Amino acid sequence: MANSSSGSSSGSDVETIPEFLPVLPLKDVVLYPFVIVPLSVSREKSIAAVDAGLSEQRVMLLVAQKDGTVEEPGPQDLPEIGTAASILRMLKLPDGRVRLLVQGLARMKIETFVQETPYLRARVSRIAEPEPPKQMTEELEAMLRSAKEGLDKAVSLGKAISPEVMLIASGLEDPARLADLIASNLELKVEETQKILEIISPIERLKAVLEILRREIRVLTVQQEISGAARGEIDKSQREYFLRQQLKAIQQELGMTDDLSEEIEAYRKKIQAKHVPDDVVEEIEKQIKRLERGSPDSAETGMLRTYLEWLTGLPWGTYSQDNLDLERARQILDEDHYGLEKVKERIVEFLAVRKLAPDSKGPILCFVGPPGVGKTSLGRSIARALDRKFIRLSLGGVRDEAEIRGHRRTYIGALPGRIVQGINQASTSNPVFMLDEVDKIGADFRGDPSSALLEVLDPEQNKTFRDHYLGVVYDLSKVLFITTANVLDTIQAAFLDRMEVIRLSGYTLEEKLSIARRHLIPKQKKENGLPDEGIDFTEDSLRAIIEDYTREAGLRNLEREIGSCCRKVAVQFAAGKRDPVEVTPQHVRKFLGVPKFSRDERLEEDQVGAATGLAWTAVGGDVLIVEARRVKGKGRLQLTGHLGEVMKESAQAALTFLRSRAKELGLSETFYESADIHVHVPEGAIPKDGPSAGITMAAAMISAFTGRPIKKDVAMTGEITLRGDVLMIGGVKEKVLAARRAGIKTVILPRENERDLEEIPEELRRDLDFKFVHTVDEVLLSAFAAPRKSAQKAAAKQSGKRRKP
């Protein structure tokens, strides 16, 4: 049953109400005397009660259920107080329901239920209501006025009460009738309405209704405030929508738009599909609103579009799954690279740590070594082993800080820095990111890129990396950064401190032969379109290419020369000659021409004033001949050969040591007063510097003054002091490689470098005799050949050799 409308009637009271009445339980309605209410009846028992009431003076007892969810209420489900009602109209509907219009007559009390089936029937007694006071008191008048004013205010605040009810209420002076009328129109809960029905005293009833009315006014006031605020927002939104639609229509008429709303919706879909941080979402929404308000033809709109494309296109919260299978990683590294065991071991260690502690901060690896030794390809192998994307960024010659951090959006053509661009290109937030050639970064008035990289390569800072263009924080902590360099001297100290340096030395002849067989030759066959059996290289031919046509620590020139041989054979295949070719040393000479290099410079025989030194260069080790000659003069030292400041100082230190030890060396204490010493290092066009040639210069000078020859198959390296001590040097492996290539038999090294031999493979040390020295005296014992009869004879012999054609 439902209440569809309410009202009041001023009709007269019914004098006689039967003692026994059919009972009609109501689910959600409480009927008051004199109030007219429409009802809908559908329950069988209720319809039977209506039929009984129609046959008995058209009077029924209407009682509200205690629990409206009970479908078959019994006597225990109904309160004692109800209302006798007269059935004014009745209409039976086709679906079996019955529509009623009833009017309350009087409050009734149920004495007892006399029947429960087929409908409820009870014996009732009428509750007599006190007569209204004949003389109006001030309190009663005040209460009546307050009730009427409260009802008016409720209507003004939006309460839906019909004008007829308001008209009746304004004319009522009976507190009981007014209280019932107001209560029936306030749409109260059934429990509150029943309580008011059960209050017999008109004054108390009106007080209770007044309290409820005041509460209802407070609720309506708050509701109106909320509705007003919401209506204001709705009005504003509707106005903006209306204006936006107008603008859209105008732009479409002028052909100025390609449906901006679809573009904006695409931006929003992008950020919903990713784990974008809240502050970034807020920034994107802010820029979208600016885009909506802007003109399509303005320059700012184009900048906003570009900015939003970058912000929404970045892989926020997107990470690739790491493959931490250590055996697979070892297999991939062995497939891609020959040797480099220390480097491979360090990479496997990194994977093992990542497997045990997934949230650990990864190291910043720095591969240092000559060109062509495989630094960049190592990064690719690491990415393949991890199943991560690989991004390479070359920093050689970069001088602008904006290349790293990006340009501010105020500049025309501004873009994010190369770091963010690489992340966007990878489409994942944890790629392997290789920063190539960090030793060749420049710096000028536009900033220092090395300093900008300090934040990128610091695990404590890069989780909050802020690109100038983006203007928001991007987390780089999951990126595996790898850097490469040829030398460490030019790298900023603070920058170098953030990296773990792993040195890659040059390859030995045996390693180059193996790498050529396993990697270079198959690669060049494929690139030049040759079948596997189309060309083959003998070991002697590969040795000839390595020793006569390349001089490098890496493999780039070797690959070029092998490629050149393959192209010569490809020409024959293209001309129709399909016979397989086995490349021999004779073929190498034919294909590549005259050898570009002679075998490493080694003295043909023991000589006075000529010592063989070992040097480190950016492309590996090298053999360095130091020549010294004594001529008449006044004790001056002349240095030639494009020497650097450090090397010049080493020569000066060697001469001072020689003068201080003249007596022990069998020289006159004034030998230098009538003689000059000229020290020359051949290949004068090539700059040379470093302290490691100190003992080589000292040996050459001492040989020149004493006439004692130096062994042709001895090479040396070490820094000299004025006291004659020999200090440790670097680049031992590269220097040993150079000595081996030159056919040197004995290598003199500082004693402190003895521990470096552990890192040199056994095959490199196999044919070499190492002498570890602490002083120059020990150097001379190992370097000098048997003394000649006189220095003059040795010098004459050297002069005669120079005159030979």
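I started at Thr193: a polar atom of its side chain lies 2.8 Å from the backbone oxygen of Lys189. I use "polar contact" for a pair of N or O atoms within 3.5 Å; within protein, one must be able to donate a hydrogen and the other to accept it, and residues adjacent in sequence count only if both atoms are side-chain atoms.

The model is predicted: local features need pLDDT of at least 70, side-chain atom pairs count only at pLDDT 80 or more, and totals for chains, interfaces and linings use all residues. Residues are numbered from 1 along each chain as its sequence is written, and side-chain values use heavy atoms, with hydrogens and water left out.

**Thr193**

I placed Thr193 in helix α5 (residues 190-197). Helices (H or I, at least four residues) and strands (E, at least two) are DSSP runs, numbered from the N terminus. Is Thr193 buried or exposed? Thr193 is buried, at a relative accessible area of 6%. Buried means under 20%, exposed over 50%, partly exposed in between (1.4 Å probe, protein chains only). I then skipped neighbours within four places in sequence and found Thr193 in contact with Val30, Tyr32 and Leu188. Contact means heavy atoms within 4.5 Å.

**Ala615**

Ala615 sits in strand β17 (residues 610-617). Ala615 is buried, with a relative accessible area of 15%.

**α17 and α18**

I describe packed helices by the angle between their axes and the distance between the axes. Axes are lines fitted to C-alpha atoms, for helices over the stretch in contact, and angles run from 0 to 180 degrees between N-to-C directions. Helix α17 (residues 509-527) and helix α18 (residues 539-549) have axes that come within 10 Å and cross at roughly 110°. That makes the two roughly perpendicular, a label for 65 to 115 degrees. Which residues of α17 meet α18? Leu509, Lys512, Leu513, Ala516, Arg517 and Ile521 do, against Glu539, Leu542, Arg543, Ile546 and Glu547 in α18. I sorted the residues of this contact into six nonpolar, no polar and five charged.

**α11 and α12**

Helix α11 (residues 341-356) packs on helix α12 (residues 375-386) at about 35°, with the axes 12 Å apart. Val343, Ile347, Phe350 and Leu351 in α11 meet Leu378, Ile382 and Leu386 in α12. Here I logged seven nonpolar, no polar and no charged residues.

Conventions
Parallel < 35°, antiparallel > 145°, perpendicular 65-115°, else oblique. Nonpolar A, V, L, I, M, F, W, Y, C, P; charged D, E, K, R; others polar.
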